[in-house]
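Trainee: Could we take a close look at one part of this model? I'd like to go through where the two chains meet.

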There are 2 protein chains.
Amino acid sequence: LKIVLDGMGGDFAPRAAVEGAILAVQEYDIEIIIVGQEELIKTELAKANYSSDKITVHQASEIIEMGEHPGNAIRRKKDSSIVVGTRLVKEGVGDAFISAGNTGACMAAALFGLGRIKGIQRPAIGTVMPTDTGISLVLDVGANADCKPIHLVQFALMGSIYAEKVLGINKPKVGLLNIGEEESKGNELTLGTYPLLKKTKLNFVGNIEGRDIFWGKSDVVVCDGFVGNVVLKLSEGLASFLMNTIKEQLMTSTIGKIGGALIKPLMGKLKKKLDYAQYGGAPLLGIDGISIISHGSSNGIAIKNAIRVAKECVNNEVVRCIKNSLEDNLSTGDENINEQ
Amino acid sequence: LKIVLDGMGGDFAPRAAVEGAILAVQEYDIEIIIVGQEELIKTELAKANYSSDKITVHQASEIIEMGEHPGNAIRRKKDSSIVVGTRLVKEGVGDAFISAGNTGACMAAALFGLGRIKGIQRPAIGTVMPTDTGISLVLDVGANADCKPIHLVQFALMGSIYAEKVLGINKPKVGLLNIGEEESKGNELTLGTYPLLKKTKLNFVGNIEGRDIFWGKSDVVVCDGFVGNVVLKLSEGLASFLMNTIKEQLMTSTIGKIGGALIKPLMGKLKKKLDYAQYGGAPLLGIDGISIISHGSSNGIAIKNAIRVAKECVNNEVVRCIKNSLEDNLSTGDENINEQ
């Protein structure tokens with residue numbers, strides 16, 4: 001099994017990529033190809049005294065920056081690590097691509113280079129969020145700002161397979177993110193989606209509200225990419241706002257400082273629980289191949305976790321399972337619906 | 001100044017209403033009419049040894065429950081506290097209505113009883129959220145699941161006036177909740193709204209992302225009612241999830257328990273900061289009259305705060321200011337656009 005890793009993506013490139021790759025080949029029986037500026041990456045490998053042949057470097061001279069327009073970037077920078085890395089998967093040189101770089105560019109490169117799974121109208125980005133009972137997969141978190149009911153149904157289907165095959169959840173509960181529990185509540189999109197989800201063979205548990213995400217009411221949370229992106233960023237923002245406020249409160253008194261010192265290791269554990277990077281990256285679901293986005297602030301451990309996730313996707317044949325499930329659940333001619 | 005208060009709404013009715021009313025007449029120079037089942041309310045007043053004539057009771061025999069369909073409820077229960085209370089404001093008996101009951105029913109009663117401000121297409125529900133720098137007003141948080149750009153522009157305008165007149169913020173910064181900072185990011189709705197907001201005289205600061213809400217990047221956060229409702233409920237859910245997780249972590253060790261005991265008063269302060277009830281309820285903006293929703297779990301203090309907010313709305317002529325501002329900002333014939 002060969003993983004193609006973007007050496008130039010994320011805030012700590014190429015160091016984090018190299019660290020993650022070394023951790024991964026030590027722990028798993030895999031090979032890794034790091035794509036990017038060869039000299040830089042080899043310098044990092046040398047710094048880490050790494051000499052085995054399980055990690056190789058593939059030259060790509062260009063870098064797509066975080067702020068760049070995805071479509072333009074992949075058209076103009078043909079020799080970027082994202083475009084070259086995705087192509088290596090297309091050509092069968094590697095089995096999966098991982099990047100901590102520009103999410104939109106990764107999605108564009110995947111769409112252009114690997115293509116959509118036949119029948120999937122809109123690939124989606126999934127993200128794992130911590131809950132009281134474990135984790136939930138939320139999708140879409142940003143690939144599709146405007147959606148139709150059929151798109152959400154396909155997100156549900158792909159999310160369900162990912163939750164089962166990669167997160168190891170048996171018969172994942174699928175919830176529709178909505179503004180009320182009753183079937184009659186919602187906007188045009190969710191009102192249109194609910195009856196379609198009921199008809200699938202998925203373990204659909206109905207509408208779930210914003211507050212329910214963290215109580216683990218469902219294993220898969222389905223929403224359009226606008227709402228999902230707001231959910232994702234709001235959660236990150238609120239969590240760090242709360243942690244900051246707690247810290248500030250503690251610093252206002254001596255007793256608070258003592259208490260704060262005592263609870264520091266426990267707060268560290270909590271922080272780790274809330275750290276999305278720990279959960280190993282966001283899959284691009286619906287792509288005819290494996291492409292995983294790691295958080296831009298990923299360190300070596302987060303990259304290693306993303307590699308583990310990519311490995312699970314390959315070993316458990318997530319792409320093939322989605323294809324089969326499409327036939328199973330939506331065998332009503334939906335594969336003929338053209339993309340809007 | 002006379003405030004009409006729903007005696008039967010919320011989890012702790014009628015006790016919380018009575019307690020809040022007593023606190024309010026002690027602190028402010030106002031009179032309060034509590035609407036609801038006279039006997040029950042008078043019993044509570046007697047329990048509290050209240051005998052002054054600043055609080056009177058107005059009989060209304062029916063109660064609209066939390067789960068009831070708003071439209072049906074206000075049609076069928078003509079003698080409910082929400083319908084009767086709203087009518088007292090319409091008739092000029094009182095200056096503002098406050099309820100901790102069914103939000104949708106309050107909105108329906110307000111729309112039906114008090115009507116929309118001429119030119120406002122969709123009244124919105126605003127909610128105050130705590131931020132690092134103070135508070136922000138988020139709207140709409142649930143009245144309009146599907147919106148058009150002109151609706152969001154009107155929310156911005158009404159929110160700006162409320163933030164200035166009631167929250168005391170000078171030249172409130174208005175942000176459009178979106179999935180990227182650039183003008184080119186968003187869904188159809190936000191892409192259509194951005195250029196319209198730029199044309200207004202509001203202090204529009206551009207797009208703000210989910211994570212920015214809590215850092216106080218804007219004083220007013222504008223979004224459709226679906227997204228706003230998810231934001232509101234997600235924030236409540238995540239805050240209580242985090243507090244719970246911290247508590248659980250602390251209970252796993254002796255040192256944690258000691259640390260937890262030391263920081264308990266500070267955590268109490270934090271909880272208070274996060275407690276939306278402290279901020280005095282959610283205004284129904286765009287209604288031709290004052291109607292304030294208090295959180296369903298409101299205690300006496302929360303009700304008192306809602307009464308303070310209602311008083312500010314009346315004293316600072318929020319409704320008249322919205323009318324004037326409409327003429328000022330949208331004097332391009334928008335008042336002729338019919339509701340869809």
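How many residue pairs are in polar contact between chain A and chain B, with both at pLDDT 80 or more?

Mentor: Eight residue pairs, with both residues at pLDDT 80 or more; a polar contact is an N or O pair within 3.5 Å, donor to acceptor within protein, with sequence neighbours counting only through side-chain atoms on both sides. Keep in mind that this is a predicted model, where local features need pLDDT of at least 70, side-chain atom pairs need 80 or more, and totals for chains, interfaces and linings use all residues. Residues count from 1 along each chain as written, chains are lettered from A and ligands numbered from 1 in written order, and side-chain values use heavy atoms, without hydrogens or water.

On chain A's side, β5, α7, α8 and α9 each supply at least two residues, and α8(A) gives the most, with 21 residues (DSSP runs, helices H or I of at least four residues, strands E of at least two). The contact (heavy atoms within 4.5 Å) takes 54 residues from chain A and 54 residues from chain B.

There are four salt bridges between the chains (Lys or Arg side-chain nitrogen within 4 Å of an Asp or Glu carboxyl oxygen). One of them joins B:Arg211 to A:Glu236, closest N and O atoms 3.7 Å apart.

Now the rings: over all chains there are six aromatic pairs (Phe, Tyr or six-membered Trp ring centres within 6.5 Å; planes under 30 degrees stacked, over 60 edge-to-face, the rest tilted). A:Trp215 and B:Phe241 are edge-to-face because their planes sit at 90°, with centres 6.0 Å apart. A:Trp215 is partly exposed at 28% relative accessibility, while B:Phe241 is buried at 0% (buried under 20%, exposed over 50%, partly exposed in between; 1.4 Å probe, protein chains only). Together with A:Phe214, they form one aromatic cluster.
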